[in-house]
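Q: I'm new to this one. Can you walk me through what's there?

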Amino acid sequence: MAGLIRIPAVVREMTDALRMAQLTENVQRADLTTLEVAEAVAAMRAAGQSRSAIAEALGWNEGEVSRFAALARMPDALRDAAARNAPIRALSDLNTLWKKDEAAVRQFLSETEAGDISRVTVERLRAEIEAKQAAHNVSATAPIAPEGPQVESPKQTPDASLETAEVAG
């Protein structure tokens with residue numbers, strides 16, 4: 001190590017401002033995955049920073065900060081997609097669909113490379129889920145036709161009940 005036994009250094013205690021600057025710099029690096037960015041945002045929130053302060057520091061809107069912060073509460077399958085760098089907006093949309101049809105989202109994630117996950121592909125999945133649910137709702141509300149031969153029930157008229165009484169009597 002260059003033959004030095006000691007090096008000149010200044011040791012500073014980590015302040016909230018320094019931590020915020022460090023996290024901001026890390027988030028702005030291009031090589032972070034969606035999950036790593038979300039973890040940095042979570043660390044900023046844990047350090048007491050407001051959404052608006054984080055948004056201002058990163059040059060984002062508060063909605064973007066909220067989407068990254070929400071990743072911590074998403075199912076593991078979505079967090080895994082974030083680790084593979086699926087975009088946060090698509091993951092946010094998938095999280096909404098997860099609540100409607102978890103199996104369809106799981107299948108989508110297993111069949112789709114992270115690089116192919118986008119708002120467009122998620123919108124196609126949404127349309128498929130909604131079409132499936134609409135078809136299910138139609139079949140659930142359609143009248144069920146009885147099986148077997150149909151027998152017409154006797155008509156209840158004053159004349160019919162009179163005729164029945166005369167025949168029986």
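Q: How many aromatic pairs does the structure hold?
A: The structure holds one aromatic pair. Keep in mind that this is a predicted model.

Q: Which rings are in the pair, and how do they sit?
A: The rings belong to tryptophan 60 and phenylalanine 68. Their centres are 5.0 Å apart. The planes are at 20°, so the pair is stacked. Planes under 30 degrees apart count as stacked.

Q: Let's zoom out. How many helices and strands are there in the protein?
A: There are nine helices and zero strands. Along the sequence the pattern reads α-α-α-α-α-α-α-α-α.

Q: What share of the protein is buried?
A: Buried residues make up 30% of the 169 residues.

Q: And what about contacts between residues that are apart in sequence?
A: Take the contacts between residues at least 6 apart in sequence. Of those, 54% join residues at least 24 apart.

Q: Now the packing. How do helix 5 and helix 6 pack?
A: Helix 5 covers residues 76–83 and helix 6 covers residues 88–100. They pack at an angle of about 165°, with their axes 10 Å apart. That makes helix 5 roughly antiparallel to helix 6. The crossing of these two helices is right-handed.

Q: Which residues make that contact?
A: Helix 5 brings Ala77, Leu78, Ala81 and Ala82. Helix 6 brings Leu91, Leu94, Asn95 and Trp98. By class, the contact of helix 5 with helix 6 has seven nonpolar residues, one polar and no charged ones.

Q: How does helix 5 cross helix 7?
A: Helix 7 is residues 102–111. The axes of helix 5 and helix 7 come within 11 Å and cross at roughly 25°. That makes helix 5 roughly parallel to helix 7. Helix 5 passes helix 7 in a left-handed crossing.

Q: What makes the contact there?
A: On helix 5, Ala77, Leu78 and Ala81. On helix 7, Val105, Arg106 and Leu109. The contact of helix 5 with helix 7 has five nonpolar residues, no polar ones and one charged.

Q: And how do helix 2 and helix 5 cross?
A: The axes of helix 2 and helix 5 come within 6 Å and cross at roughly 110°. That makes helix 2 roughly perpendicular to helix 5.

Q: Which residues are in that contact, and of what class?
A: Thr34, Leu35 and Glu39 come from helix 2, and Arg79, Ala82 and Ala83 come from helix 5. By class, the contact of helix 2 with helix 5 has three nonpolar, one polar and two charged residues.

Q: Let's pick some single residues. Where is glutamate 64 found?
A: Glutamate 64 is found in helix 4, residues 62–70. At 17% relative accessibility, glutamate 64 counts as buried. Leaving aside neighbours within four places in sequence, glutamate 64 is in contact with Ile88 and Arg89.

Q: Where is serine 92?
A: Serine 92 is in helix 6. At 22% relative accessibility, serine 92 counts as partly exposed. Beyond its neighbours within four places in sequence, serine 92 is in contact with Arg67 and Met74.

Q: How far is serine 92 from phenylalanine 68?
A: Their C-alpha atoms are separated by 8.7 Å. Along the chain, serine 92 and phenylalanine 68 are 24 residues apart.

Q: On to the loops. Where does glutamine 49 lie?
A: Glutamine 49 lies in the loop between helix 2 (34–46) and helix 3 (51–58). Apart from neighbours within four places in sequence, glutamine 49 is in contact with Met20, Met44 and Ile54. Glutamine 49 and aspartate 16 are 33 residues apart in sequence, and 8.9 Å apart in space, C-alpha to C-alpha.

Q: Last one. Where is asparagine 85, and what is its phi?
A: Asparagine 85 is in the loop between helix 5 and helix 6. Its phi is near 75°, a positive value in a residue other than glycine. At 41% relative accessibility, asparagine 85 counts as partly exposed.

Notes
Residues numbered from 1 in each chain as written. Predicted model: local features only at pLDDT ≥ 70, side-chain atom pairs only at ≥ 80, totals over all residues. Heavy atoms only, no water. Axes fitted to C-alpha atoms, helices over the stretch in contact; angles between N-to-C directions. Helix = DSSP H or I, 4+ residues; strand = E, 2+ residues; numbered from the N terminus. Parallel < 35°, antiparallel > 145°, perpendicular 65-115°, else oblique. Left-handed = near helix turned anticlockwise from the far one by under 90°. Contact = heavy atoms within 4.5 Å. Nonpolar A, V, L, I, M, F, W, Y, C, P; charged D, E, K, R; others polar. Phe/Tyr/Trp six-rings, centres within 6.5 Å; stacked < 30°, edge-to-face > 60°. Buried < 20%, exposed > 50% of the residue type's maximum accessible area, 1.4 Å probe, protein only.
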